[in-house]
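Please keep the sequence and the 3D view open while you read this note. Check each point against the view as you go.

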Amino acid sequence: MAGESYLWILVALGFLATYALRIGGVLIAGRIHPDGAAIRWINAVAVAIAAGLGVRVIVSPGGALADTPTLFRLVSLAIAFVIFFGFRRNVLLGMA
């Protein structure tokens, strides 16, 4: 029984932590200017992380992708860029 109560305490703490952050976000969202320096910085960090992960998948992949030749991965990337820019920067088509 004691183990069960610890689990419920952990669930409650997780719930409180999650919703405290969400409520805090709602409270400050109206005060943040969408073109402000903070948002531009957050956007730059998000793009950098996504680009880094993308490069890692091409250069040093794991799993089944590691068995494919690097040339195939680079050609696939080039085709995706051509489709992306050829269809007016359509992310969905570029990713497909």
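The points below go residue by residue, after a word on the model.

1. **The model.** This is a predicted model, in which local features need pLDDT of at least 70, side-chain atom pairs count only at pLDDT 80 or more, and totals for chains, interfaces and linings use all residues. Residues are numbered from 1 along each chain as its sequence is written, and side-chain values use heavy atoms, with hydrogens and water left out.

2. **Arg73, its place.** Start with helix 3, residues 70–86, which holds Arg73. Helices here are DSSP runs (H or I, at least four residues), numbered from the N terminus. Is Arg73 buried or exposed? Arg73 is buried. Buried means under 20% relative accessible area, exposed means over 50%, and partly exposed lies in between (1.4 Å probe, protein chains only).

3. **Arg73, its charge.** Arg73 has no salt bridge. Such a bridge needs a side-chain nitrogen of Lys or Arg within 4 Å of a carboxyl oxygen of Asp or Glu. Asp67 is the nearest side chain of opposite charge, and it is 8.2 Å away. Lys and Arg count as positive, Asp and Glu as negative; His and the chain ends are not counted.

4. **Arg73, its surroundings.** What lies 3.3 Å from a polar atom of the Arg73 side chain? The backbone oxygen of Leu65 does. Leu65 is also in contact with Arg73 (heavy atoms within 4.5 Å). Other contacts of Arg73, leaving aside neighbours within four places in sequence, include Val57, Ile58, Val59 and Pro61. Ala66 and Thr68 are on that list too.

5. **A nonpolar patch.** A nonpolar surface patch covers about 1,300 Å². Among its residues are Tyr6, Phe15, Tyr19, Leu27 and Ile32. A patch takes residues with over 30% relative accessible area and no salt bridge; nonpolar side chains (Val, Leu, Ile, Met, Phe, Trp, Tyr) are joined within 5 Å, like charges within 9 Å. Leu27 belongs to helix 1, residues 2–29. Leu27 counts as exposed because its relative accessibility is 59%.

6. **Ala44.** Look next at helix 2, residues 37–59, where Ala44 is found. Its relative accessibility is 45%, so Ala44 counts as partly exposed. From Ala44 to Gly94 is 50 residues in sequence and 21 Å in space, C-alpha to C-alpha.

7. **Arg88 and Arg89.** Arg88 is in the loop between helix 3 and helix 4 (91–95). Arg89 is placed in the loop between helix 3 and helix 4. Phi is positive, near 55 degrees, at Arg88, and near 60 degrees at Arg89. Arg88 counts as exposed because its relative accessibility is 81%. Arg89 is exposed, with 58%.

Definitions and conventions
Helices (H or I, at least four residues) and strands (E, at least two) are DSSP runs, numbered from the N terminus. A polar contact is a pair of N or O atoms within 3.5 Å; within protein, one must be able to donate a hydrogen and the other to accept it, and residues adjacent in sequence count only if both atoms are side-chain atoms. Accessible areas come from the Shrake-Rupley method with a 1.4 Å probe; for residues, only the protein chains shown count as cover.
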